[in-house]
Amino acid sequence: MDSINLYEKRIFSQNGEDGILEELFSRIGTINRYFVEFGVQSGLECMAKNLVCSHHWSGVMIEGHPLNYQHLRANYASFPNVIIHYSFIT
């Protein structure tokens, strides 16, 4: 079996996670296309953005920094399938 790193592709993610997630889900399939991601900053460069924009997933994004949270809310205002929470997770 190929190394999963061969599938790295950076669409919105920082380190090629977009391609790795696409490959993993193509192998295992999906039933519920719902994600939870925390620490997404403004949401412009995160793993969930490709799932939302390219694959129409729903989910929750959690951000604990006040300014990043405001940017996140603004950036995803047109995505009713994404719930934005302001919380710091320890």
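# Helix α2 and its surroundings

Helix α2 covers residues 47–55, and its buried residues are Ala48, Lys49, Asn50, Leu51 and Val52. These buried residues pack against helix α1 and against the strands β1 (34–38), β2 (58–63) and β3 (82–86). The model is a predicted one. An α-helix has 3.6 residues a turn, so residues three or four places apart point the same way.

## The chain as a whole

Three helices and three strands make up the secondary structure of the chain. Their order along the sequence is α-β-α-β-α-β. The radius of gyration is 14 Å, close to the 12 Å that the globule rule gives for 90 residues, so the chain is as compact as a globular protein of that length. The C-alpha trace spans about 45 × 25 × 25 Å along its principal axes.

Of the 90 residues, 32% count as buried. The accessible surface comes to about 5,800 Å², and carbon and sulfur atoms account for 55% of that surface.

Glu37 itself belongs to strand β1. Its relative accessible area is 13%; because buried means under 20%, Glu37 is classed as buried. A polar atom of the Glu37 side chain lies 2.8 Å from the backbone nitrogen of Ala48. Ala48 is one of the buried residues of α2. The C-alpha atom of Glu37 is 14 Å from that of Asn68, a residue 31 places away along the chain.

Ser13 lies in the segment before α1 (17–28). With a relative accessibility of 0%, Ser13 counts as buried. The Ser13 side chain reaches the backbone nitrogen of Glu17 at 3.1 Å.

Trp57 sits in the loop between α2 and β2. Is Trp57 buried or exposed? Its relative accessible area is 5%, and Trp57 is buried. Apart from neighbours within four places in sequence, Trp57 is in contact with Phe25, Thr30, Arg33, Tyr34, Phe35, Leu51, Val52 and Asn81. Leu51 and Val52 in this list are buried residues of α2. Trp57 and Ser26 are 31 residues apart in sequence, and their C-alpha atoms are 15 Å apart.

His56 is found in the loop between α2 and β2, just after α2. At 64% relative accessibility, His56 counts as exposed. It has a positive phi of about 60 degrees although it is not a glycine.

Gln41 also has a positive phi, near 55 degrees, and is a residue other than glycine. Its place is in the loop between β1 and α2. The relative accessible area of Gln41 is 45%, and the residue is partly exposed.

## Strand β3

His85 is located in strand β3. Its relative accessibility is 40%, which counts as partly exposed. Leaving out residues up to four places away in sequence, His85 touches Val60, Met61, Ile62, Glu63 and Tyr69. His85 and His56 are 29 residues apart in sequence and 19 Å apart in space, C-alpha to C-alpha.

## Accessibility by residue

The table collects the residues discussed above.

| Residue | Relative accessibility | Class |
|---|---|---|
| Ser13 | 0% | buried |
| Glu37 | 13% | buried |
| Gln41 | 45% | partly exposed |
| His56 | 64% | exposed |
| Trp57 | 5% | buried |
| His85 | 40% | partly exposed |

Conventions: Residues numbered from 1 in each chain as written. Predicted model: local features only at pLDDT ≥ 70, side-chain atom pairs only at ≥ 80, totals over all residues. Heavy atoms only, no water. Helix = DSSP H or I, 4+ residues; strand = E, 2+ residues; numbered from the N terminus. Buried < 20%, exposed > 50% of the residue type's maximum accessible area, 1.4 Å probe, protein only. Polar contact = N/O pair within 3.5 Å; in protein donor to acceptor, adjacent residues only side chain to side chain. Rg over C-alpha atoms; globule rule 2.2 N^0.38 Å. Areas by Shrake-Rupley, 256 points an atom, 1.4 Å probe, with all protein chains shown as cover. Contact = heavy atoms within 4.5 Å.
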